[in-house]
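This report describes selected features of one protein model. Please keep the sequence and the 3D view open while reading.

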Amino acid sequence: MGKIFNLLTSRAFVVSALMFVEIALITIIMVFLSQLFLPIFGLFLLANVIIVLGIINRNHNPMFKVAWLVPVLAFPVIGALFYIMFGRTHLNKKNTEKLSGAYNSASDFFTVNDELIARFSSKYPHTAKEAYYIIESSKSDIYEFTESEYFSPGNLFFEKLLVELKKAKNFIFIEYFIIKEGYMWESLKAVLVERQSHGVEIRVLYDDMGSAMSNVPPDFAQELRKSGFKAAVFNPYKPSLDRFLNYRDHRKICIIDGKVAFTGGINIADEYIGRDNRLGFWQDSAVMLRGDAVNRMTIMFLQMWTFTTGENPRYGEYRANFKANHDGYVVPFSDEPLMQELICESAYINIIANATKYVYICAPYLILDQATSAALIRAAKSGIDIKIITPGIPDKKLIYYMTQSNYKDLIAAGIEIYEFIPGFIHNKTIVSDDEKAIVGTANFDYRSFYLHFENGVWLYGSKAVIQAKKSFEEVLAKSRRVTWRQIEETPFGKRLVCSLLKVFAPLL
């Protein structure tokens, strides 16, 4: 009873309920007017035709188009209203200009190492295409003096994070989708307060919806400022029908002095480090970078800070002239709706398409569009060993069914799918051929590819690549393979639900 009361009184529920009431009132008014006045109905119908033509002619994924055409055609007034609010996947003019301004403010620090790119291309011509695509699309660069280390499960990452934070001398930047009060946050905050007392600048940026869903109080940023931190909230979650509400900062970044950076799937909440067992054992991962590539991560953070707050930090003050030992090649990157390009998805597809031996994927949500599904099937039919691990215990039942709705076609093509028996797997890692890996924040789903602000690290020949492969094999040993017989024995009712969910997956 207490949990239900807490849910009903939570900020996330209250704001969502108010938004639902707004949508319901607008819908009732529009339906009433369209039935009462024939000319208004004609205008609505004309608007609906324009929207349908717009959806058809958009340069977009066919599955995305179908998912919106069904409700728009079936429910002309309501479907059109929802499409106008939530169906367009790029930022409006105002926010596009804001984000462009944030990028331009750091333009003096966008130095591309053309000499290293040329040298890498000459030595690894096939692989260089992957790196160059990310560099060109995300305005990033390639680095060769950065050491990397892969951590899984989450408690190993957290132990290392605390060690590195205690060494901070100049600044600590933190950007997370979720910051949830509990053991992890209190332990982290204690270190931040101690470092701040020694003159270390602390900046904390978090996504409001992600944290609101975890019952973080609305005055959380104010409390951080009282501790002496600089704090900002990305896209405050409020009862507004502004479609920008649909975009979330799903990135996970921690930067220390411009020399060390962490990223991956782990948020700041107790379940990510194994201290909350409601979903069984929580398997997650992160990567630590130490070296010159961290400068790019610093720029990425400050750009998001500028976009969120309007402030324009002096980028040069945070630039570190620091190189570590050579440990392969590293390309940190970000992916935003502004880019008009599906950078995360394309980077995944490029690894799949260029594999010569194997591709191993950990994915909490396997909600594939046509392009990714086709790339996986094509690779498998070309003799590439493809293994995918998904959760054995889901965090969201509906999303779990959507994930399972993709199993049939993949398994039929020879792809091996496993479910993690001990609990929930939240890794967002793809590793291939003992050479390449991407560790980051993007799920294999529409939200990450089309709507979220995401980030990742492309690695080639780095120590973290082999560590990621070893971790995958350890998780695989604790997972059960999904068989074709299981697919055939799926109850008809579940098959029907999965089929419907697959159609509407791009909307969720």
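## Basis

This is a predicted model, in which local features need pLDDT of at least 70 and side-chain atom pairs count only at pLDDT 80 or more, while totals for chains, interfaces and linings use all residues. Residues are numbered from 1 along each chain as its sequence is written, and side-chain values use heavy atoms, with hydrogens and water left out.

Helices (H or I, at least four residues) and strands (E, at least two) are DSSP runs, numbered from the N terminus. Two strands count as paired if DSSP finds at least two bridges between them.

Strands of a sheet pair through backbone hydrogen bonds, either parallel or antiparallel.

Ile361 stands opposite Ile430 in β14.

## The 7-stranded sheet

A further open sheet has 7 strands in the order β1-β8-β6-β5-β2-β3-β4, and its pairing is mixed. The edge strands, β1 and β4 (230-234), each pair on one side only. Here the twist averages 10 degrees from one strand to the next.

β3 (residues 201-207) and β4 pair in the parallel sense over 5 bridges, and Leu205 has Ala232 in β4 as its bridge partner. Helix α19 (residues 463-476) packs on this sheet and touches β1 and β8 (286-291), where contact means heavy atoms within 4.5 Å. The direction of α19 makes about 10 degrees with that of β1.

## A helix pair

How do α8 and α14 lie relative to each other? Helix α8 (residues 125-138) packs against helix α14 (residues 343-354) at an angle of about 175 degrees, with the axes 10 Å apart. The two helices are therefore roughly antiparallel, a label for angles over 145 degrees.

On the α8 side the contact is made by His126, Glu130, Tyr133, Ile134, Ser137 and Ser138. α14 contributes Ile343, Ser346, Ala347, Asn350, Ile351 and Asn354. By class, this contact has 5 nonpolar, 6 polar and 1 charged residues; Ala, Val, Leu, Ile, Met, Phe, Trp, Tyr, Cys and Pro count as nonpolar, Asp, Glu, Lys and Arg as charged, and the others, Gly among them, as polar.

## The second largest pocket

A pocket is an open set of points on a 1 Å grid over the protein atoms alone, where a 1.4 Å probe fits, with protein on both sides within 12 Å along at least five of seven lines; lining residues have an atom within 4 Å of a point.

The lining has 19 residues, and Gln404, Ile487, Thr490, Arg495 and Cys498 lie nearest the centre. The elements giving two or more residues are α17 (407-412), α20 (484-488) and α21 (492-504), and α21 gives the most, with 5. By class the lining has 6 nonpolar, 5 polar and 8 charged residues.

## Backbone details

The peptide bond from Ser152 to Pro153 is cis, with omega near 5 degrees. Pro153 sits in the loop between β1 (146-151) and α9 (154-165).

Asp433 is not a glycine, yet has a positive phi of about 60 degrees. Asp433 belongs to the loop between β14 and β15 (436-440).

Methods
Axes fitted to C-alpha atoms, helices over the stretch in contact; angles between N-to-C directions. Parallel < 35°, antiparallel > 145°, perpendicular 65-115°, else oblique.
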